[in-house]
Amino acid sequence: MKNFFNKIAFAFQRFMYGRYGLDQLGYALLIFYSLVLIMANLFLKRPIWLDYLLMIVLILFYFRIFSKNVYRRSKENAYFMRFYNPLKNFIRKKRTRIKKMKDYRYFRCPKCKSELRVPKGRGKIEITCPSCHHKFERKS
Ligand SMILES: [Zn+2]
C-alpha cells in the first residue's frame, strides 16, 4: 500500500516537473474564491453570474498552477505583488496602531501633516514635530 502511494506521489512529481505551481497570486485567487463562495451561499437567490465568476477564478487558479510558461506566470505574480505589498503594509500599520491605542495617542502635525505618536495620560503637552520641528499643544 505504501508503495502504491509512493508511486502516485512520484507520478505527480513528474507531472508537476517544469510546471509553475502555487505562488502568492495563486493563494490570493484561492482566498478570493472562498470568500466569493461564502458570499454566494449567503444569497438566497444565487445569481448566475456569481457562479460564472467562481468558475473563472477556479479555472485561472488551476491554469496557473499547471502552466508550463513559468516566465509569464512569475511576471503576473510580480505584477500582483506590486499592488499587494502596499496594501499589506497599510493593513499592518493599522493593526499595530489598534494594538498600541491604549498606550499611545496619534496626532497629525498641523503644519506638515506627518503622523506622530505620544504616550497617553500625560495631560496637556507640547509636541514638537520630528520632521518639521513645528511646536503645538495637545492633550495626551
Ligand atoms: Zn510637522
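**Close-up views of a predicted model**

Lys 99 lies in helix H4; helices (H or I, at least four residues) and strands (E, at least two) are DSSP runs, numbered from the N terminus. This is a predicted model, in which local features need pLDDT of at least 70, side-chain atom pairs count only at pLDDT 80 or more, and totals for chains, interfaces and linings use all residues. Residues are numbered from 1 along each chain as its sequence is written, and side-chain values use heavy atoms, with hydrogens and water left out.

**View 1. A patch of positive charge on the surface includes Lys 99 and Arg 117.** Helix H4 (residues 70-99) brings the largest share, four residues. Lys 99 has a relative accessible area of 62%, so Lys 99 is exposed (over 50%; buried is under 20%, partly exposed in between, with a 1.4 Å probe and protein chains only). Patch residues have over 30% relative accessible area and no salt bridge; like charges are joined within 9 Å, and nonpolar side chains (Val, Leu, Ile, Met, Phe, Trp, Tyr) within 5 Å. A salt bridge is a side-chain nitrogen of Lys or Arg within 4 Å of a carboxyl oxygen of Asp or Glu.

**View 2. A nonpolar patch on the surface includes Trp 49 and Ile 59.** Among the other members are Phe 32, Tyr 52 and Phe 63, and together the patch has about 1000 Å² of accessible area (Shrake-Rupley method, 1.4 Å probe; for residues, only the protein chains shown count as cover). Helix H3 (residues 48-66) gives the most, with nine residues. Ile 59 is found in helix H3 and counts as exposed, at 53% relative accessibility.

View 3. Leaving aside residues up to four places away in sequence, Arg 73 touches Tyr 20, Asp 23, Phe 63, Arg 64 and Ser 67 (contact means heavy atoms within 4.5 Å). With neighbours within four places left out, Asn 77 is in contact with Tyr 20, Asp 23, Gln 24, Leu 25 and Arg 64.

**View 4. Lys 113 and His 133 have a positive phi.** Most residues other than glycine have a negative phi. Lys 113, with phi of about 65°, sits in the loop between strand E1 (104-108) and strand E2 (115-119). His 133, with phi near 60°, is in the loop between strand E3 (124-128) and strand E4 (135-139). His 133 is exposed, with a relative accessible area of 58%.

Conventions
Lys and Arg count as positive and Asp and Glu as negative; His and the chain ends are not counted. The place of a charge is taken as NZ of Lys, CZ of Arg, CG of Asp or CD of Glu.
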